[in-house]
Amino acid sequence: MYPVHDVDAILLLALSLSAKRRPAELVEIIAAAELAQGAIPTESKLIESFYRLSAYGLICEMDGGYTLTPDAQQMMAGLRRKADNPERVFGIKECLADYNLNGEHAAILLTEEQLGAAVLAHRASKNTTGRNLLVPKPKAAEVNQRPGQRKPFPARRR
């Protein structure tokens, strides 16, 4: 696939996060993209990326949501599990550069209104008091002890 854009890799990573057990809705995909990158890509770039990836047969629409095709799932399975997000995006871009088109596939055409509504719904859900599962868990505060400092043993009883 040529050319490979950053937003393509981010969208595949977001879909792999959000569509594990069932097809993901646009709001879930945008939440996962923000989690993966730290920011939401622009609507026009997301529309182009959906079109490109679906035309190459890596994304399909199913049951009112979007999911990865078996080719894309195989591509995502080849990534290192312990890699952080920038390393994963780089690995996905390498896989996309090596990917060749197999036949013709139906392209997904999204409108800016659909994506705009999904972005607004995601931003509104961030402000609610409900629990957002796509937010990383807060890290526990570390105890500031020097390594090697241990409690002395108590005196032995006779």
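Predicted model: local features only at pLDDT ≥ 70, side-chain atom pairs only at ≥ 80, totals over all residues.
Which residue follows α2, and is its phi positive or negative?

Start with the overall layout. The protein chain is built from six helices and two strands. The chain has 158 residues, and 35% of them count as buried. As for who touches whom, take the contacts with a separation of 6 or more: 74% of them join residues 24 or more positions apart.

Now for α2. This helix has twelve residues and spans 16 Å from first C-alpha to last, close to the expected 16 Å. Its buried residues include L26, I29 and I30, along with several alanines and E34. They pack against α1, α3, β2, α5 and α6. And here's the answer to the opening question: α2 is followed by G38, and the phi of G38 is positive, near 95°.

Move along to α3, which covers residues 43-55. With 13 residues, α3 reaches 18 Å end to end between C-alphas, close to the 18 Å expected. Among its buried residues are L46, I47, F50 and L53, and R52 is buried too. The cover over the buried residues of α3 includes α1, α2, both strands β1 and β2, and also α5 and α6. Just after α3 there's another glycine to look for: G57 has a positive phi of about 80°.

Conventions: Residues numbered from 1 in each chain as written. Heavy atoms only, no water. Helix = DSSP H or I, 4+ residues; strand = E, 2+ residues; numbered from the N terminus. Buried < 20%, exposed > 50% of the residue type's maximum accessible area, 1.4 Å probe, protein only. Contact = heavy atoms within 4.5 Å. Expected span 1.5 Å × (residues − 1).
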